[in-house]
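Here is a short briefing on one model. Please look at the structure first, then read the points by topic.

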Amino acid sequence: MKLYTYWRSTAAYRVRIALNLKRVARQDVFVSLVAGEQSAPPYGTLNPQQLVPAMELDDGTVLTQSLAIIDWLDTAFPEPPLMPADPIARAQVLSAAHTIAMDIHPVNNLRVLKALGARFDATDQDRREWMHHWMRLGFDALEAVMPAPRFAFGNAPGLADLCLIPQLYNARRWDLDLAPWPKLTAVEAACLALPAFAEAAPEAQPDATG
Ligand SMILES: N[C@@H](CCC(=O)N[C@@H](CS)C(=O)NCC(=O)O)C(=O)O
């Protein structure tokens with residue numbers, strides 16, 4: 001299978017961690033967001049949403065949306081499971097994952113930042129404050145609800161960790177001081193000690209540029 005990915009894409013980073021945890025081999029196809037390759041053929045045709053990641057299966061099926069790809073992976077390759085079997089625990093993990101993937105990430109996406117500049121004359125500082133604002137709201141909520149005994153919801157990493165670690169990477173990239181969220185950074189340290197997370201990190205990707 002092929003993973004269409006970009007080193008700094010936090011959505012692609014989620015999928016890379018899932019693939020590594022499940023030890024599923026893939027071929028990477030790099031889509032440079034800086035060069036705008038997400039919006040032009042061939043990638044823009046493969047995924048009309050013009051966002052990474054996408055996964056192309058060996059039979060040509062194309063899956064998009066990181067959480068949908070991870071859901072498919074969790075069904076096709078059940079070990080280790082990324083979601084609890086208990087319905088309540090599952091809803092809690094999904095809620096944390098959605099806090100990041102549905103509430104923080106979409107308003108902090110590259111195309112949103114571009115629009116803030118192009119349509120509303122936002123400066124770099126305006127963009128930074130925008131990013132920090134939405135991340136703070138989400139991180140405050142997660143710090144309050146995440147039990148974080150070691151990983152986000154237990155003693156093994158799961159979907160919430162897959163979303164959290166890339167989002168914390170992005171927060172650092174935007175110079176957000178993470179001191180107010182000690183539970184989140186403790187989970188981050190536990191995750192990054194695992195090769196599956198470390199090997200999925202942006203700087204470890206072959207397309208990482210300085
Ligand atoms: N909800 C989508 C979000 C995908 C997404 O927004 N990807 C970003 C990179 S993290 C992207 O491709 N941005 C390109 C752009 O904004 O033009 C998912 O989870 O896959």
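K2 stands opposite Q27 in β2. This is a predicted model: local features need pLDDT of at least 70, side-chain atom pairs count only at pLDDT 80 or more, and totals for chains, interfaces and linings use all residues. Residues are numbered from 1 along each chain as its sequence is written.

**Sheet**
- Strand β1 (residues 2–5) runs parallel to β2, and 4 bridges join them.
- Strands here are DSSP runs of E with at least two residues, helices are runs of H or I with at least four, and both are numbered from the N terminus.
- An open sheet is built from 4 strands in the order β2-β1-β3-β4, with mixed pairing; two strands pair if DSSP finds at least two bridges between them.
- β2 (27–30) and β4 (62–64) are the edge strands, each with a single partner, so one side of each has no neighbour in the sheet.

**Ligand shell**
- The ligand is surrounded by 15 residues, with S9, L51, S66, L110 and R111 the closest; a residue counts as near if its C-beta atom, placed from the backbone, lies within 6 Å.
- α1 (10–21), α3 (66–76) and α5 (110–120) each give two or more residues to this shell.
- Domain 1 (2–80 + 198–204) and domain 2 (87–195) both contribute to the shell, so the ligand lies between them; the domain bounds come from an automatic or database assignment.

**Helix packing**
- α4 (residues 87–104) and α7 (residues 159–173) pack at about 30 degrees, with axes 8 Å apart; axes are lines fitted to C-alpha atoms over the stretch in contact, and angles run from 0 to 180 degrees between N-to-C directions.
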